[in-house]
Amino acid sequence: MSLPATHREVRLTALPEGALTPGHFEVVTVPVPTPGPGQVLVRNQLMSVAAVMRPLTLADPDAFGLPQLLHRAGEVMRGPALGEVVHAPGTDLAPGTVVRHRAGWREYAVLGAGEVSPVDPKALPDPAAHLSQGFTAWLGVVRGAGVRRGDTVFVTGAAGGVGSLAGQFARLHGAARVIGSTGSRHKADRLTRELGYDAVVLRGAGPLDEQLRAAAPDGIDALFDTVGGEQLRAALELARRNARFALVGALAAQLSDDALAPTAISTLALIARSVTLRGISAADHQDAMPDYLREFGRALREGTITYPYTRLTGIDRAPGALCELVEGRHLGAVLVEL
């Protein structure tokens, strides 16, 4: 196939201090890169935008310990994408192979052969589902919180790309009652009407611990937490003995002016109720990917799980989409077609 001379990519122009706006980004036209031996040129087709991609301002970036979440002014943004191999000299990848990688936010990308993963077109019924945050959701439910039959489960950030799937996985693994949190009545209604949540607590609609107590009068057995902050504290107040907490995100801090802000919780309560608190990262559990793909693919085909997402067209839509996500204006994932 003939290649264009140029392509577009999205760069971060400045780290935000306060609200994130499209003015923090620029879409620039640059030459299409040329792969060297052992490298792969990919024409990106679809990319993911997630609230966790919000650029962070940190006094000591090295202390954060998660370099994949850091973006620096002047650099191209990064994120998961699906694309088609165009040229891969010195590798086993044939042109036309569809691959998943983390060099989104650009129309063409050059990566090392080890940085791309071929996608099995039969694994999931919707190719877009390969860009879901379902693996994180599945890990938090299965390996993090160990959700079991009869559990009452609380999912924070339930309307996000992770939470919108976590509640469904919890139900699939036997949860008797699933409670979510979100920031608007409209999204709360959709969570109960479309995604199987039994109840939803609303940020800003009164003390969260009181709302959670009303939704789970007998307490909670498991927490799937993407937020932290007051929602984690409320969950601890309602934790039953031997409750399991999976921490998969910290959006309360990441979307604030202090991405490393701590959450004050009672260690005495943790001990007295034998609560297990576990941070979980997908990077440490790649061995579980085949099990996840089998379960997710089967659930999508059978209709026991739905993958909610919004699809936008054009790389120029990506900065605005990220800003809208941070503001809580979407339910589920947001994908940009390139």
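Colleague: Let's start with the helices: is the crossing of helix 5 and helix 6 left-handed or right-handed?

Modeller: Bearing in mind that this is a predicted model, the crossing of helix 5 and helix 6 is right-handed. Which residues make that contact? On the helix 5 side they are Leu-208, Asp-209, Leu-212 and Arg-213, and on the helix 6 side Glu-230, Gln-231, Ala-234, Ala-235 and Glu-237.

Colleague: And how many of those in the contact of helix 5 with helix 6 are nonpolar, polar or charged?

Modeller: The contact has 4 nonpolar, 1 polar and 4 charged residues.

Colleague: At what angle do helix 5 and helix 6 pack?

Modeller: Helix 5 and helix 6, the latter covering residues 229-237, pack at an angle of about 45°, and their axes are 9 Å apart; the two helices are therefore oblique to each other.

Colleague: Switching to the sheet, in what order do the strands come?

Modeller: The open sheet has 6 strands, ordered 10-9-8-11-12-13, and their pairing is parallel. Strand 10 (199-202) and strand 13 (276-279) are the edge strands, each pairing on one side only, and neighbouring strands are turned by 15° against each other on average, with direction ignored.

Colleague: How many bridges join strand 9 to strand 10?

Modeller: Strand 9 (residues 177-182) is joined to strand 10 by 4 bridges, and the two run parallel. Helix 5, residues 208-215, packs on the sheet and touches strand 8 (152-155), strand 9 and strand 10, its direction making about 170° with that of strand 10.

Colleague: Which helix lies across strand 9 and strand 10?

Modeller: That is helix 4 (residues 185-194), which runs at about 165° to strand 10.

How values were computed: Residues are numbered from 1 along each chain as its sequence is written. This is a predicted model: local features need pLDDT of at least 70, side-chain atom pairs count only at pLDDT 80 or more; totals for chains, interfaces and linings use all residues. Side-chain values use heavy atoms; hydrogens and water are left out. Two strands pair if DSSP finds at least two bridges between them. Axes are lines fitted to C-alpha atoms, for helices over the stretch in contact, and angles run from 0 to 180 degrees between N-to-C directions. Contact means heavy atoms within 4.5 Å. Angles under 35 degrees count as roughly parallel, over 145 as roughly antiparallel, 65 to 115 as roughly perpendicular and the rest as oblique. A crossing is left-handed if the near helix is turned anticlockwise from the far one by less than a right angle, and right-handed if clockwise. Ala, Val, Leu, Ile, Met, Phe, Trp, Tyr, Cys and Pro count as nonpolar, Asp, Glu, Lys and Arg as charged, and the others, Gly among them, as polar.
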